[in-house]
Amino acid sequence: MTHDEIIAKLLKVEALFHGTDVAGEKQAAQSAMDRLNAQLGSVPEPPAEYQFSLPDPWKRKLFLALVRRHGLKPYRLPRQRYSTVMLNVSRSHLDRVLWPEYLELSKLLEKYLEEATTDIISRGVHGDLSEAAEQPNLPSM
């Protein structure tokens, strides 16, 4: 069976499971759902092409390194921007592994870069890093 056929069959069995009150039918439907879920997990999902726009150079470098660590090959098509990353990957791998890992590491990187930038500027340029004060009653331009 193909991936789509298994999903269609699974939806039918779920409808049967939720549509009956008979214990024996529910148990049979549940075991059928378990078998179909096992089959679904064993069917290889075909990779699809995804496009990512990552204008932040630090996050793009992180994403590229993470993609390569997972054994994938990122690329760009001719005339695409430097910030664009193309990737052939299965949807489930992207949703369950790659993207959550990237988001978590991205947060850590952002926090580290913020701390490093604050430290370097406060020690090397000026200690006052507060925002500029708002001046009331200035003429508008």
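The model is predicted: local features need pLDDT of at least 70, side-chain atom pairs count only at pLDDT 80 or more, and totals for chains, interfaces and linings use all residues. Residues are numbered from 1 along each chain as its sequence is written, and side-chain values use heavy atoms, with hydrogens and water left out.

Let me begin with the chain as a whole. Its secondary structure consists of four helices and two strands. Both kinds of element are DSSP runs numbered from the N terminus, a helix being H or I over at least four residues and a strand being E over at least two. Read from the N terminus, the order is α-α-β-α-β-α.

The chain has 141 residues, of which 23% count as buried. Here, buried means under 20% relative accessible area, exposed means over 50%, and partly exposed lies in between, with a 1.4 Å probe and protein chains only. The chain exposes about 10,900 Å², and carbon and sulfur atoms supply 56% of that area. Such areas come from the Shrake-Rupley method with a 1.4 Å probe; for residues, only the protein chains shown count as cover.

As for contacts, meaning heavy atoms within 4.5 Å, consider those between residues at least 6 apart in sequence: 61% of them join residues at least 24 apart.

I turn now to the salt bridges. The structure holds four of them, each defined as a side-chain nitrogen of Lys or Arg within 4 Å of a carboxyl oxygen of Asp or Glu.

In one of them, the side chains of glutamate 110 and lysine 59 meet at 2.8 Å, N to O. Glutamate 110 belongs to helix H4 (residues 91–124) and lysine 59 to helix H3, so this pair ties together parts that are 51 residues apart in sequence. Both partners are partly exposed, glutamate 110 at 47% relative accessible area and lysine 59 at 21%.

Another salt bridge joins arginine 69 and glutamate 101, whose closest N and O atoms are 2.1 Å apart. This pair, too, links distant parts of the chain, with arginine 69 in helix H3 and glutamate 101 in helix H4, 32 residues apart. Arginine 69 counts as exposed at 59% relative accessibility, whereas glutamate 101 is partly exposed at 21%.

Arginine 123 is exposed, at 69%, and aspartate 119 is partly exposed, at 34%.

Serine 106 is found in helix H4 and counts as buried because its relative accessibility is 5%.

Phenylalanine 63 is found in helix H3, and its relative accessible area is 0%, so it is buried. Leaving out residues up to four places away in sequence, phenylalanine 63 touches Phe52, Leu54, Val85, Leu87, Trp99 and Tyr102. Between phenylalanine 63 and leucine 105 there are 9.1 Å from C-alpha to C-alpha, although the two are 42 residues apart in sequence.

Serine 83 sits in the loop between H3 and S2. Serine 83 counts as buried because its relative accessibility is 15%.

Finally, the second largest pocket. Rolling a probe the size of a water molecule over the atoms shows where empty space is left. On a 1 Å grid over the protein atoms alone, a pocket is an open set of points where a 1.4 Å probe fits, with protein on both sides within 12 Å along at least five of seven lines; lining residues have an atom within 4 Å of a point.

The second largest pocket contains about 170 Å³ of space, the volume being that filled by probe spheres set on the points, which are joined across faces, edges and corners. Its lining consists of Pro57, Arg60, Lys61, Leu64, Pro74, Tyr75, Arg76, Tyr82, Thr84 and Val85. Helix H3 (57–69) and strand S2 (84–89) each supply at least two lining residues, and H3 gives the largest share, four residues.

By class, six of the lining residues are nonpolar, one is polar and three are charged. In this scheme, Ala, Val, Leu, Ile, Met, Phe, Trp, Tyr, Cys and Pro count as nonpolar, Asp, Glu, Lys and Arg as charged, and the others, Gly among them, as polar.
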